Amino acid sequence: MKYSLILPQGWTMDLSHIKDPVEAYETMTKVAQTADEVGFHCVYLVDHFHTVPAPSQEVTFECWTTTAALARDTKRVRVGQLVTCNSYRNPALLAKMASTVDILSHGRLNFGIGAGWYEHEYRAYGYDFPDAPHRLKQLKDAVQVILAMWNADEAAEFEGKHHTVKGAINSPRSVQDRIPMMIGGGGEKVTLKLVAEFADACNVAGDLETIKHKLSVLKGHCDALGRPWDTVNRTTMAMASLGATREEAAAKISPAMHQMGWAAWAAIGTVDDLRAHFKKLEDLEITETIVAFPDVTNLDTLKKFADAFLV
């Protein structure tokens, strides 16, 4: 199983202790560079504009400009999104952006996309916020536009109900023959079926029983479509708090993380405690665990984790 890292981007108030935005950005960059050095598989950014659990004036760095910058500030680690909100950018433009960033990174881009959910951001930024079925239909069109852009030998053509391209050119092409696409979310009738039909990876979240169930549903969709199970990268996010004792580790979990519900399915404790939790994820056939540390700006935490898990 591979281990990746959620970067401190401000979204969960993880940079609120740093008041200078330049210092906050450089702190995030240093975390990415440390992850690069110690062996994490990928570093991920969220695509949000406002903090959670409540909007605030604390910094939240924009996803795709940061992705591009980190593509140049790192050397080995892959860079991705968990996940891009489809509603925030035209999908043809997004496909072009992704191809460009893949080149900037010399072929290290992971591309994550989802239907979007944070209504406050939609309203605040002037985006329409249709109901979930409508957003999912938009996502299905968008994914096909993006793949058409990436795969077309010359000009891309796709006509959908919500998104259309007619002769769109995506040049230069990406370094990777196919940029890995992750579709995030656990919707059983639509989202996981879209993963089976179009994507290279899923991202499902929750406790162990929830993850087990979601993967079972996804496998059913793969079987129905004739998609080999081992061609899907099966990812989940795990809050992980590492300490010398369980009490020390538990004390690191912030109120925001408790309010978001992440602590309920976190791995909290010593290296042995975390190892036992990750073994259960591996037993469920998770292939990539994306770790969120409550003290992620403490580089010693990343190094201790790497010594124990990244070999």
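Predicted model: local features only at pLDDT ≥ 70, side-chain atom pairs only at ≥ 80, totals over all residues.

Is glutamate 285 buried, partly exposed or exposed? Glutamate 285 is partly exposed, because its relative accessible area is 39%; buried means under 20%, exposed over 50%, and partly exposed in between, with a 1.4 Å probe and protein chains only. Residues are numbered from 1 along each chain as its sequence is written, and side-chain values use heavy atoms, with hydrogens and water left out.

Glutamate 285 is located in the loop between helix 10 and strand 12 (288–292); helices (H or I, at least four residues) and strands (E, at least two) are DSSP runs, numbered from the N terminus. Its phi is near 80 degrees, a positive value in a residue other than glycine. Methionine 13, in the loop between strand 1 and helix 1, is not a glycine either and has a positive phi of about 65 degrees. Two peptide bonds also deserve attention: the one from valine 52 to proline 53 is cis, with omega near 5 degrees, and the one from serine 171 to proline 172 is cis, with omega near 10 degrees. Proline 53 sits in the loop between strand 2 and helix 2, and proline 172 in the loop between strand 7 and strand 8. As background, most residues other than glycine have a negative phi, and most peptide bonds are trans.

Let me turn to the strands. Strand 1 (residues 2–6) pairs with strand 2 in the parallel sense over two bridges; pairing requires that DSSP find at least two bridges between the strands. Leucine 5 stands opposite valine 43 of strand 2. From strand 1 the chain passes through helix 1 (residues 21–38) to strand 2 in a right-handed β-α-β crossover, meaning that, with the strands pointing away from the viewer, the path from the first strand over the helix to the second runs clockwise. Strand 2 also pairs with strand 3 (residues 78–81), in the parallel sense over four bridges, and leucine 45 has glutamine 81 as its bridge partner there. Within strand 2 (residues 42–45), Cys42 and Tyr44 point one way, Val43 and Leu45 the other, and all are buried.

What are the buried residues of helix 7? They are Ile211, Lys214, Leu215, Val217, Leu218, His221 and Cys222. Seen down the axis of helix 7, these residues fall within an arc of 155 degrees, so they line one face of the helix; the arc is that of the directions from the helix axis to the C-beta atoms. On the other side, Glu209 and Ala224 are exposed. The buried residues pack against helix 6, strand 9, strand 10 (233–242) and helix 10 (271–283), where contact means heavy atoms within 4.5 Å.
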